[in-house]
Amino acid sequence: MTANDLVSLRRDLHRKPEPAWREFYTTARIVDELESRLGDELAELHVGPEAIAAEHRMAVPDDADLTHWYERAREAGVDQTVLERLE
C-alpha cells in the first residue's frame, strides 16, 4: 500500500462521516482494504459483535437510527457480507 493509497482511503472515509456506533461504511471499507491487501496473510478479522460483546457496549443508538446508517452504507455499495456481520 502506497502513501497515495492511504490518502485516497482517508479521503473516502472523510467524505462519508459516521457517528459513533454507526460506522458501517467505515468498517466495511477497512475490512475490504485489509482483505484485499493481506489476503491469506490475514488469519482472523473480528468485527461487530465478533469483536465486542453487546453487554460491554455503552450509549448504543436505537434500532431506527442504526438502520438508517446501515442502509446508507448498503446504498454506498459496500460488501453486503461485511454488513451482515455488523448487524
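Modeller: One definition comes first: helices are DSSP runs of H or I of at least four residues, and strands are runs of E of at least two. By that rule the chain has four helices and zero strands, in the order α-α-α-α along the sequence. Please note that this is a predicted model.

Biologist: What makes the contact between Asp 5 and Arg 37 a salt bridge?

Modeller: A salt bridge requires a side-chain nitrogen of Lys or Arg within 4 Å of a carboxyl oxygen of Asp or Glu. For Asp 5 and Arg 37 the N to O distance is 3.9 Å, so the pair meets the cut-off of 4 Å. This pair links distant parts of the chain, for Asp 5 lies in helix α1 (residues 3-15) and Arg 37 in helix α2 (residues 24-38), 32 residues apart.

Biologist: Why is Asp 5 called partly exposed?

Modeller: Its relative accessible area is 28%. Buried means under 20% and exposed means over 50%, so a value in between is called partly exposed. Arg 37, with 41%, is partly exposed as well.

Biologist: How do you know whether Asp 12 is buried or exposed?

Modeller: Asp 12 has 10% relative accessibility; the limit for buried is under 20%, therefore Asp 12 counts as buried. Its salt-bridge partner is Lys 16, with the closest N and O atoms 3.6 Å apart. Lys 16 has 24% relative accessibility and therefore counts as partly exposed.

Biologist: What makes Arg 74 and Glu 71 a salt bridge, and where do they lie in the chain?

Modeller: Their side chains meet at 2.5 Å, N to O, and the cut-off is 4 Å, so the term applies. Both belong to helix α3 (residues 63-75); because they are three residues apart there, about one helical turn separates them. Salt bridges that share partners also join Asp 5, Asp 12, Lys 16, Arg 29, Asp 32, Glu 33 and Arg 37 into one network.

Biologist: How many salt bridges does the rule give?

Modeller: The count comes to nine.

Biologist: What can be said of the chain as a whole?

Modeller: Of its 87 residues, 25% are buried. The C-alpha atoms fill a box of roughly 40 × 30 × 20 Å along the principal axes. The chain exposes about 6100 Å², of which carbon and sulfur atoms supply 51%. There are 11 positive and 20 negative charges, and their mean positions are 9 Å apart.

Terms used: Residues numbered from 1 in each chain as written. Predicted model: local features only at pLDDT ≥ 70, side-chain atom pairs only at ≥ 80, totals over all residues. Heavy atoms only, no water. Buried < 20%, exposed > 50% of the residue type's maximum accessible area, 1.4 Å probe, protein only. Areas by Shrake-Rupley, 256 points an atom, 1.4 Å probe, with all protein chains shown as cover. Lys, Arg positive; Asp, Glu negative; His and termini not counted. Charge placed at Lys NZ, Arg CZ, Asp CG, Glu CD.
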